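Subject: Handing over the structure

Hi,

Here is the structure I promised to pass on to you. My notes on what turned up in it follow just below.

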Amino acid sequence: MTEDEKSAVAGAPGSAAAPEHHESLGGDEFEREPVPRRAQLGFKSFVGMYAGEHCAGTELMIGPLFVAAGVSAFDLIVGLLLGNLLAVLSWMFLTAPIATRARLTLYYQLEQICGRSLVTLYNLANGVMFCFLAGAMITVSATAVGLMFHVEMPGLNDLYPNSVGWIVTVLVVGALIAVVAAFGYQSVSKFANIASPWMVLVFLAFGLVAAREFLDSTDTQIKSVSDIWQLANTSIWKGGEPLPGQTKFTFWHVTFFAWFCNMAMHIGMSDLTVFRFARKSQYAVATGAGMYVGHFMAWIAASMLFALQMHNDHPEQYMVDLLKEHSAQYATADPAELAQAPKTAEMIREAMEIENQLVDNGVLKAEDKRISVPALVPGDLAYNACGITGLICVVIAGWTTANPTIYRAGLAFQAIIPRTSRFLVTLLTGALATLAGLFPAIAMKLLDFVALYGMVLMPMGAVVFVDYWLIRKFGLQSNYAAFSRKTFNLAAGLTWFLTLGVCTVLVKYTWIQESLAKRGFDLLPADFQGVQIYFVSLPGWFFAAVLYVLLSAVYQRKVHKGGAAPATA
Amino acid sequence: MQAISWLSIVGTVLPSVLYLFNMLSLDACKGIMLCTTITWFVATPLWMGREVKPAT
């Protein structure tokens with residue numbers, strides 16, 4: 001595996017292609033040395049790259065999932081403005097300063113700090129996560145292909161494949177993507193560059209069409225900005241309860257999600273590999289092009305498509321009868337008006353609870369329950385808005401995201417079994433991603449998965465930050481693996497594992513506390529609710545930073561006692 | 001050829017703008033978008049990413 005390929009592996013999830021970054025950002029040189037001045041690049045080189053990279057298949061799921069999570073207009077718009085700003089500032093003040101000083105790839109820096117064995121573990125973790133992400137993108141593309149063949153689509157809360165048609169569709173789409181990734185990765189990458197500006201404008205078109213549809217269906221006349229805000233609040237992003245099975249998203253959820261969804265790249269330091277080519281660290285402001293095109297405009301536009309689907313979905317007669325007969329809230333509602341109203345999350349939740357009560361009372365059989373959560377099918381949403389162009393966008397968006405992701409995962413796995421051919425490993429990785437794509441859980445829980453991805457890689461970003469800026473101030477040695485010729489820096493490894501352990505305990509706290517209490521171990525306070533996965537990486541980063549210093553102090557002293565004297569910093 | 005590409009990319013989003021302002025029907029919007037999409041993907045590979053040779 002070349003150093004460029006290793007750097008590609010330590011690249012970012014969901015982006016169009018890191019290896020192309022290298023080609024478009026000065027070639028595949030300088031993998032084990034600082035980038036010299038003659039190879040450094042200006043601001044414009046980074047703007048286009050980031051703008052295209054963050055308008056991808058993931059946006060088609062994330063935007064609608066915000067609506068499913070019950071965001072209000074203020075929460076979404078202002079939360080995204082702030083969260084994306086925090087992401088840009090993270091690139092500017094955490095990643096780029098190190099990148100433009102050290103001018104090394106993340107892979108090489110990690111190797112110096114952590115040792116080759118630990119970096120292999122890091123790559124394995126990255127590879128597994130890439131596989132699942134690629135699987136989610138195969139799911140996205142499959143929803144567009146399946147629509148053309150009238151395949152039954154999985155539901156929002158489905159974890160397993162729900163029909164033979166779905167299984168066949170995913171297998172065919174996944175196999176094609178895997179074979180092309182193995183044979184023709186570069187060709188698809190070039191195609192992704194061509195598709196990128198077109199995709200950005202199709203996403204914009206999604207939002208514009210959805211806006212017109214909302215204006216027509218609500219008979220709204222826009223005479224001022226307040227009319228737009230009124231429409232946004234009352235019809236598009238109404239807030240309130242999330243759909244059953246979804247976590248309620250508040251302003252802070254949106255903010256932290258937008259900030260941390262690319263945590264692997266900024267706080268996790270993957271984009272050291274990109275910004276090592278920047279002449280100045282301020283050029284990291286170019287990431288704003290990606291954040292505000294992809295993670296603002298595209299997310300908002302995609303969310304409007306699902307909000308429109310919800311708005312146009314009305315309660316069936318069965319649901320109206322159920323609510324009228326059994327719900328105190330709807331008992332006095334006019335049935336005709338209720339049947340014409342948009343089906344809200346509150347209505348669905350109420351109706352589901354009524355059905356469950358009827359089942360418990362023996363009045364209704366479980367298999368006769370008919371109330372279900374609306375399906376979130378990107379192919380459907382895009383087709384309703386922009387016809388065949390929308391379908392093509394969904395297929396291409398999912399494909400051009402899955403392609404480099406499978407390639408990167410393949411490189412990561414090949415590092416562990418280096419004698420295996422690249423072609424075979426990429427094919428097998430694609431097969432694994434396809435299997436993952438069969439299970440709609442990853443795509444439907446993409447908000448949680450993206451947060452998990454960031455959490456897994458965040459501790460190593462803290463290690464890089466601390467090792468570069470702080471460790472010598474404590475009288476300790478930086479780049480300790482290179483200095484001591486260790487292939488596994490135990491301090492870095494323990495920092496990673498312990499941080500992950502603590503974060504996992506915080507996220508699963510309630511489950512752990514209840515499980516222990518049931519077994520008679522009342523060890524944990526019941527009034528603490530834990531920390532949601534969307535927020536845990538912030539305290540986790542600080543924990544990892546402090547832990548790395550403390551463990552390094554112990555570890556370096558221990559190693560020096562047993563062996564060579566320390567070199568001066 | 002570049003001019004054709006850029007016209008087609010403008011044509012990808014322009015129908016939706018016209019639809020927003022009630023100047024075009026949704027079916028026409030979808031139809032035009034499909035035509036401009038095909039034009040973009042046919043014309044653009046012919047020039048994007050190719051080295052520009054210096055004039056002799």
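In this predicted model, A:Glu316 and A:Lys343 form a salt bridge, with their closest N and O atoms 2.8 Å apart. The two sit in distant parts of the chain, 27 residues apart: A:Glu316 is in the loop between α12 and α13 of chain A, and A:Lys343 is in the loop between α14 and α15. A:Glu316 counts as partly exposed because its relative accessibility is 38%, whereas A:Lys343, at 9%, counts as buried.

A:Lys343 also forms a salt bridge with A:Asp313, where the closest N and O atoms are 3.5 Å apart. A:Asp313 lies in the loop between α12 (287–312) and α13 (317–326), so this pair ties together parts that are 30 residues apart in sequence. A:Asp313 is partly exposed, with a relative accessible area of 25%.

Over all chains the count comes to six salt bridges. Another of them joins A:Glu111 to A:Arg32, at 2.6 Å between the closest N and O atoms. Helix α6 (residues 106–114) holds A:Glu111, while A:Arg32 is in the loop between α2 (18–24) and α3 (44–53), so parts 79 residues apart in sequence are tied together. A:Glu111 is buried at 8% relative accessibility, and A:Arg32 is partly exposed at 35%.

A:Glu59, in helix α4 (residues 57–68), is buried yet has no salt bridge, and the nearest side chain of opposite charge, A:Arg408, is 13 Å away. The side chain of A:Glu59 does make a polar contact of 3.4 Å with that of A:Thr58. A:Asp75, in helix α5 (residues 73–102), is likewise buried without a salt bridge; for A:Asp75 the nearest side chain of opposite charge is A:Lys248, 5.1 Å away.

What about disulfides? For B:Cys29, the nearest cysteine sulfur is that of A:Cys386, 5.8 Å away. B:Cys29 counts as buried because its relative accessibility is 0%. The sulfur of B:Cys29 is in turn the nearest cysteine sulfur to B:Cys35, at 12 Å, and B:Cys35 counts as exposed at 51%.

Finally, a word on confidence. Chain A averages a pLDDT of 88, and 93% of the residues score at least 70. Over residues 1–27 of chain A, though, the pLDDT is below 50, and it stays under 50 over residues 564–569 of chain A as well. Where pLDDT is low, the predicted coordinates should not be read in detail.

Best wishes

How values were computed. Residues are numbered from 1 along each chain as its sequence is written. Chains are lettered from A and ligands numbered from 1 in the order in which they are written. This is a predicted model: local features need pLDDT of at least 70, side-chain atom pairs count only at pLDDT 80 or more; totals for chains, interfaces and linings use all residues. Side-chain values use heavy atoms; hydrogens and water are left out. Helices (H or I, at least four residues) and strands (E, at least two) are DSSP runs, numbered from the N terminus. Buried means under 20% relative accessible area, exposed over 50%, partly exposed in between (1.4 Å probe, protein chains only). Lys and Arg count as positive and Asp and Glu as negative; His and the chain ends are not counted. A salt bridge is a side-chain nitrogen of Lys or Arg within 4 Å of a carboxyl oxygen of Asp or Glu. A polar contact is a pair of N or O atoms within 3.5 Å; within protein, one must be able to donate a hydrogen and the other to accept it, and residues adjacent in sequence count only if both atoms are side-chain atoms. pLDDT is the predictor's confidence in each residue, from 0 to 100. Contact means heavy atoms within 4.5 Å. A disulfide is a pair of cysteine sulfur atoms within 2.5 Å.
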